[in-house]
Amino acid sequence: MDAHTHFLQLARYNVWATRRLVEAVAAVSEADYRKDCGLFFRSLHGTLNHLLVGEHMLWYPRFARGVSPRVELNAEVEPDRDRLGQALKGGAANWLPLIESWPVERFDGVLNYTNMRGQAMSLPFAATLAHVFNHGTHHRGQITAALTALGRPCPELDLVYLLQEESKA
């Protein structure tokens, strides 16, 4: 599998997993949704906001437009949980056409950006893009663990479940 195909698959997985997670979190009471669950960003809400900040407000502009916005990693950029869920789902979907637009050679290049401390960075393009999707997987895992601790059901988010669904289509 070439890098282009691989990252399109990861982007589809990101859309699928984000949708399933947002649906599961929607069933949680407001108190549990905002409760400090001991996560790095404290609550389900805080962690979902962090996903919006990291994936869609920092990394997406770096990859899509070559700009490096400044926003705190723990910023509450969307206080409303329904709008936050919609923003996460929409943001995940934005990666698909972006990745589709890149030639396969792009994945062998570098990503130049400015980090949160204002330092110029130049990192391997494909590995840095892999970080974006791995970061989402990491925090979705934290949220599913918190859902379990809250006594709530959580969705299966393993990539193989998406692959199984796609193989049936």
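## The largest pocket

The largest pocket in this predicted structure has a volume of about 200 Å³, and its lining is made up of H50, G54, L58, W59, R62, L73, Y113, N115, M116, H131 and H135. Two elements, α3 (44-65) and α5 (125-149), each give two or more residues to that lining. Helix α3 supplies the largest share, with five residues.

When the lining of the largest pocket is sorted by class, five residues are nonpolar, five are polar and one is charged. Among the residues that line the pocket are the histidines H50, H131 and H135, together with the aromatic residues W59 and Y113.

A search of the whole structure returns one cavity of 30 Å³ or more, and the space in the largest cavity comes to about 60 Å³. Its lining consists of T18, L21, V22, L48, L51, E55, L88 and R140, and the elements that contribute two or more residues to this lining are α1 (3-26) and α3.

By class, the lining of the largest cavity divides into five nonpolar residues, one polar residue and two charged residues.

## A nonpolar patch on the surface

On the surface, V160, Y161 and L163 form a nonpolar patch, and the accessible area of these residues together is about 230 Å². One of them, L163, is placed in helix α6, which covers residues 159-168.

How is L163 classed by its relative accessibility? L163 counts as partly exposed because its relative accessibility is 32%, a value that lies between the limits of 20% for buried and 50% for exposed.

## Leucine 123 in strand β2

L123 is found in strand β2, which spans residues 120-124. With a relative accessible area of 28%, L123 is partly exposed, since residues count as buried under 20% and as exposed over 50%.

The position of L123 can also be described relative to G109, a residue 14 positions away along the chain, for which the separation between the two C-alpha atoms is 8.6 Å.

Notes: Residues are numbered from 1 along each chain as its sequence is written. This is a predicted model: local features need pLDDT of at least 70, side-chain atom pairs count only at pLDDT 80 or more; totals for chains, interfaces and linings use all residues. Side-chain values use heavy atoms; hydrogens and water are left out. Patches are made of residues with over 30% relative accessible area and no salt bridge: like charges are joined within 9 Å, nonpolar side chains (Val, Leu, Ile, Met, Phe, Trp, Tyr) within 5 Å. Accessible areas come from the Shrake-Rupley method with a 1.4 Å probe; for residues, only the protein chains shown count as cover. A salt bridge is a side-chain nitrogen of Lys or Arg within 4 Å of a carboxyl oxygen of Asp or Glu. Helices (H or I, at least four residues) and strands (E, at least two) are DSSP runs, numbered from the N terminus. Buried means under 20% relative accessible area, exposed over 50%, partly exposed in between (1.4 Å probe, protein chains only). On a 1 Å grid over the protein atoms alone, a cavity is a set of points where a 1.4 Å probe fits but cannot get out, and a pocket is an open set with protein on both sides within 12 Å along at least five of seven lines; lining residues have an atom within 4 Å of a point. Grid points are joined across faces, edges and corners, and a volume is the space filled by probe spheres set on the points. Ala, Val, Leu, Ile, Met, Phe, Trp, Tyr, Cys and Pro count as nonpolar, Asp, Glu, Lys and Arg as charged, and the others, Gly among them, as polar.
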